[in-house]
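Please look over the structure below.

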Amino acid sequence: REKRQLRENPCNLIPPLSHPSACHSLGGKDRRSGLILNIPLSSDQTSMEELSATLDYLLSIPSEKCKARGFTVIVDGRKSQWNTVKTVVLMLQNVIPPEVSLVCVVKPDEFWDKKVTHFCFWKEKDRLGFEVILVSANKLTRYIEPCQLTDDFGGSLDYDHSDWLNKRLVFEKFTKESTSLLDELSIINDADKSSSMDKDKSADCALLPSFDPETVLQTGHELLSELQQRRFNGSEGGGGGQGAWCPMEEELLAQPQVMKLLDSLREQYTRYQELCRQRNKRTQLDEIHAKVMQVVTWLQGPGSELLKTQQTIGDSIRSAQALQQRHEEIESQHSEWFAVYVELNQQIAALLSTGEEEEVAELKALQQQLSDVCYRQAAQLESRQNVLQAAQGFHSTTQELSQQLDGLLGMLCADVAPADGAAIQQNLKLLEEKLQTVEAGLTSLRQKGALLLEQTCSQPSWPLEETESPTTEQQDSVQHIQSVMEDMQLRKQRCEDMVDVRRLKMLQMVQLFKCEEDALQAVEWLSELLDALLKTHVRLGDDSQETRTMLDKHRKFVDVAQSTYDYGRQLLQATVVLCQSLRCTTRSSGDTLPRLNRVWKQFSVSAEERQQRLELALNFHTAAERVLQQERVEAESLDEVDSLGKTLLDRLTMPVIFPDGSEQFFGSPTDTAAAAEGVRERLLLVEERRLQLQEKLASE
C-alpha cells in the first residue's frame, strides 16, 4: 500500500545536491543542511490516513545521521482549501519527528478569508513543536535557497520525482527479494550440508527458491550500475554550478547495501548451484541406473523369451517369410531398447569425463553390464536373422529346383513326335539345357543347405543356466534340411536316368530322319544320273579309239550309279532297323524304296542300252577301220561293216523301253541325227572302198 501511495505522488522528497561530506554552502538542503520535504495538496479530498502512512514511509528512508540535521517541510496549499491545510499541519505534530524545525505553508495568490485563517500557527509553536509560516510561492526563497527549489516554487533544481520513485521501487523490490532469497538459499544449503553428513537421513527439502536467483542478481547489478552512474553524474554536477540534480544521501548509502546483498547472494547462489549440480548428478546417476536396469531386465526377460520361441526355419518359402516378418517385429521391439542403450551410453560417457572416482567406478560397472547384455542380445538377433535369411534362400532354391524338376519330368513324359531332325535336335538341346539347369540348382541347394546347417548349429548359446544342447527345434531343422536335399538328389537322379533314355531315343530318331533324308538324296542323285545319261550320253564316237574311251567312261558312270543305289538301299535298311528299335510302327520308308528301285531299273535299262550301242559302235568302227586300211578286203568284211552300220543306225532310232512300258529316247533328235550322220559318213567311205575293189577286180 505504501508503494501504491508513493506512486500516486502525494508527497515528494526533494533530494540533496551532494553528500554531506562534500557539501558546500549551496546544496539540496535548507539553511541548516536539513532535508526538505514537499507535501503538495490538491483540490480533491485528501486522505489523512494515507498521507500519514506516506509520510511515515518517506521519513523512514533517511539515515539517523541525516535525520539529526533536521527537516524543513513545504506544504503546498495553493490548490487546496484552508481547512485541509490546517488539518495537515495539525497532523504533522503526530508524524513529523522532533527534528522538524520549520513548516512552510505555501498559500495561493488570493489569500484565504481572514475569518478562515484566524488560526495563528505562530501562537501554536510551543504546542506543535515546530514553527509554521504562511508564505507565497515567490517569497519562499527567503527561507530556502532558489537552487534548492524546483521550478514549481521558482527555483532552478532539476528533479524528476517519477524517476526517483521508479528507482526507489526497484531498490526496495531488490532488497526484499534478495533478503528473502538469501534466507531461502541459506536454509537449503544448510539443510543439504546436514543431510550429507547424515547419509541415512534423506534430504527432501525444497530446492526451488521463491525467486529466480539469476533475475534477482541481474536486477541488483542494474540497480548498482544506476546508482553508481547517478553518483558520478551528481559529483560532476556539484562542481559545475547550481541547479544540477545530485543523488540523495540515502541513495549513496544504498550502494554499499546493494553491493553487500549482491556479494552475499552470489556466495549463497554459488553454493546453491553446486548443490543443485551435485543433486542433479546424483539424480542423473539414479535415473541412469534405473534405466539401465530397465533395459537389462527387458532384454534378459521378455526379449530373450521372444527369441527363444523363434527357433524354427519353416518348411517352405512362405513359412520362412512369415518367420522373417515375426523376427522383424521382434527386432523393432529390440530397436526401441537399443535406442535407449545408445542414449544411456552417451550419457554415461559424458558423466565419466566429469565424474568423481566413486561415480566413475559405478558408471563403468553400469556401462559394462549394459554393453554385455545388449551385445549378447544383438548377437542373438543377428544370428537369428542370418538363419532366417539362409532359410529363405534354401527354401527358395528348393522351390525353384522342384519346379525345374517338374518341368523336366513333364518334358520327359511327353511323347516325342517331331516333324524333322532339326526339331529333334532343338528338343535335345532344350533337354540338355534343362538338365544343366537342374544340376546347377542342385549344386546351389547343396551350398545353401550346408550354409543353413552351419548357421543353425552355430547359433550363440544362452547363459549356461538356461542352455539346453541342442534344442528340439534345431534337431528338427537339421533333419528337415537333410531330408530335403536327399529328396531332391533322388528326384534329380531319376530324371537323369530318364534323360539318358530319352537322349538315346532322340539320337536314334535323329539318325532315322538322317537316313530317310539321305535315302531321298540318293534317289535324287540316281534320278540326276539317269537324266544325264538319257540327255547327254548320245554320241558314239568318230572312231574306235574314241568309242572305246567313251565305253570306259560309261562303265565308270554306271559304277557311280551302282554305288548311289547301294547307298540308298543301305540307308533304307537302316531306317527299318531304327523304326523297329524305336517301336515306331507308324513310320516306314514310304515310297522312297519303290522310287529308288524304279529309278534304278530305268537307269539299268538305259545304261544297258547305252553300253550295247557303244559296243556296237566300237565293233562298227573297228571293222570299218580294218576294211579301209587293208589292201585286200574280202567282200564278206565289207558286207559285215555294212550290216553293223545299218544295225547301229536302226538302234539309234529306237527308244529305251522301261519296265513300266514307258519309252524314252537318248538325247534330242538333233543329237541323234548328229550321231547317225557320223555312222553314215563311215558307211559311205566303206561303200567307196567297195567300189574301188569292184573296179580293181573288173580291171583285172
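Is cysteine 457 buried or exposed? Cysteine 457 is exposed, at a relative accessible area of 59%. The model is a predicted one. The protein comprises 16 helices and seven strands.

**Overall picture**

- The protein has 700 residues, and 43% of them count as buried.
- Among contacts with a separation of 6 or more, 83% join residues 24 or more positions apart.

**Cysteines**

- The number of disulfides in the structure is zero.
- Cysteine 147 has a relative accessible area of 5%. The cut-off for buried is under 20%, so cysteine 147 is buried.
- Cysteine 457 has a value of 59%. The cut-off for exposed is over 50%, so cysteine 457 is exposed.

**Helices H10 and H12**

- H10 covers residues 357-413 and H12 covers residues 472-536. Their axes come within 10 Å and cross at roughly 25 degrees.
- Angles under 35 degrees count as roughly parallel, so H10 and H12 are roughly parallel to each other.
- The crossing of H10 and H12 is left-handed.
- H10 contributes residues to this contact that include Phe394, Thr398, Leu401, Leu405, Leu408, Leu409 and Leu412. From H12, the contact residues include Ile481, Val484, Met485, Met488, Cys495, Met498 and Val499.
- Charged residues in the contact include Asp406 of H10, along with Arg491, Lys492 and Arg502 of H12.
- By class, the contact of H10 with H12 has 15 nonpolar, four polar and four charged residues.

**Helices H12 and H14**

- H12 also packs with H14, at an angle of about 25 degrees and with the axes 9 Å apart.
- H12 and H14 are therefore roughly parallel to each other.
- Their crossing is left-handed.
- On the H12 side, the contact includes Ala519, Leu520, Val523, Leu526, Leu529, Leu530, Leu533 and Leu534. On the H14 side, it includes Leu596, Val599, Trp600, Phe603 and Ala607.
- Glu524 of H12 also takes part, as do Arg595 and Arg610 of H14.
- The residues of the contact of H12 with H14 divide into 13 nonpolar, four polar and three charged.

**Helices H13 and H14**

- H13 spans residues 544-582, and H14 spans residues 592-629. The two axes come within 9 Å and cross at roughly 165 degrees.
- Angles over 145 degrees count as roughly antiparallel, so H13 is roughly antiparallel to H14.
- H13 and H14 cross in a left-handed sense.
- Here the contact holds 15 nonpolar, 10 polar and six charged residues.

**Threonine 72**

- Threonine 72 sits in strand E3, residues 71-76.
- With a relative accessible area of 1%, threonine 72 is buried.
- Leaving aside residues up to four places away in sequence, threonine 72 touches Asp30, Arg32, Leu35, Ile36, Leu37, Leu102 and Ile144.

**Proline 460**

- Proline 460 lies in the loop between helix H11 (421-457) and H12.
- Its relative accessibility is 32%, so proline 460 counts as partly exposed.
- Apart from residues up to four places away in sequence, proline 460 touches Ala379, Gln380 and Ser383.
- Proline 460 and glutamate 382 are 78 residues apart along the chain, and their C-alpha atoms are separated by 9.7 Å.

Terms used:
Residues are numbered from 1 along each chain as its sequence is written. This is a predicted model: local features need pLDDT of at least 70, side-chain atom pairs count only at pLDDT 80 or more; totals for chains, interfaces and linings use all residues. Side-chain values use heavy atoms; hydrogens and water are left out. Axes are lines fitted to C-alpha atoms, for helices over the stretch in contact, and angles run from 0 to 180 degrees between N-to-C directions. Helices (H or I, at least four residues) and strands (E, at least two) are DSSP runs, numbered from the N terminus. Angles under 35 degrees count as roughly parallel, over 145 as roughly antiparallel, 65 to 115 as roughly perpendicular and the rest as oblique. A crossing is left-handed if the near helix is turned anticlockwise from the far one by less than a right angle, and right-handed if clockwise. Contact means heavy atoms within 4.5 Å. A disulfide is a pair of cysteine sulfur atoms within 2.5 Å. Buried means under 20% relative accessible area, exposed over 50%, partly exposed in between (1.4 Å probe, protein chains only).
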